[in-house]
Amino acid sequence: MPECELRHATFDDIDDVYALMCELKQAEFDRDAFYTGFAANLEDRNLHYQLALVGNNVVGMISLHLQFHLHHANWIGEIQELVVMPKVRSSGVGSQLLAWAEATARDRGAEMTELSTSAKRINAHRFYQREGYAPSHIRFTKTL
């Protein structure tokens, strides 16, 4: 496993974060909208972005959104994005990011962490199940 350092993302990381999100979605986004949204999200005290670096290179990221869910009457940590660049996948970087998110959520009093992933991402499903996550919900979406 490569030596991996974790640190909080800042606005100075915007280009690396943009590249990671493009990798995750296999698409490009409107940069102005992305930059505006990232800057706004950095101001949200319940939303946390953690980067993984190997050497000086950003190779992964996880986002954790802490929310009080009425139907749990408790805090939940939602992992909204988790991406690791292909060159370092299967090296423990994703597990390290996930462990960070779980510990952060636990420290903030969350009852659980949850996440969604595309039905097409079979390798991601296997990874999450190895990490102790179980499929428990069906998520419905509607494009507006």
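Asp13 is tucked away: with 6% relative accessibility, this residue counts as buried (buried means under 20% relative accessible area, exposed means over 50%, and partly exposed is in between, using a 1.4 Å probe and protein chains only). Its salt-bridge partner is Arg7, and the two side chains meet at 2.7 Å, N to O (a salt bridge needs a side-chain nitrogen of Lys or Arg within 4 Å of a carboxyl oxygen of Asp or Glu). Arg7 itself is partly exposed, since its relative accessible area is 26%.

Some ground rules first: this is a predicted model, where local features need pLDDT of at least 70 and side-chain atom pairs count only at pLDDT 80 or more, while totals for chains, interfaces and linings use all residues. Residues are numbered from 1 along each chain as its sequence is written, and side-chain values use heavy atoms, with hydrogens and water left out.

Searching the whole structure turns up 2 salt bridges. Besides the Arg7 and Asp13 pair, there is one between the side chains of Arg89 and Glu23, at 3.3 Å from N to O. This pair ties together distant parts of the chain, 66 residues apart: Arg89 sits in the loop between β4 and α3 (93-107), and Glu23 belongs to helix α1 (residues 14-25). Helices (H or I, at least four residues) and strands (E, at least two) are DSSP runs numbered from the N terminus. Arg89 is partly exposed, at 43% relative accessible area.

Next come the aromatic rings. Rings of Phe, Tyr and Trp (its six-membered ring) pair if their centres lie within 6.5 Å; planes under 30 degrees apart are stacked, over 60 edge-to-face, and the rest tilted. That rule gives 8 aromatic pairs. One of them joins Phe29 and Phe34, whose ring centres are 6.1 Å apart with planes at 25 degrees, so the pair is stacked. Phe29 is partly exposed at 33% relative accessible area, whereas Phe34 counts as buried at 17%. Tyr128 and Tyr133 go edge-to-face instead, 6.2 Å centre to centre with 70 degrees between the planes. Tyr128 is buried, at 10% relative accessible area, and Tyr133 counts as buried too, at 15%. Phe11, Tyr35, Phe38 and Tyr49 come together in one aromatic cluster.

Finally, the surface. Leu70 lies in the loop between β3 (57-69) and β4 (74-84) and counts as exposed, at 76% relative accessibility. Together with Phe68 and Trp75, Leu70 makes a nonpolar surface patch of about 340 Å². Patches are made of residues with over 30% relative accessible area and no salt bridge, joining like charges within 9 Å and nonpolar side chains (Val, Leu, Ile, Met, Phe, Trp, Tyr) within 5 Å. Accessible areas come from the Shrake-Rupley method with a 1.4 Å probe, and for residues only the protein chains shown count as cover.
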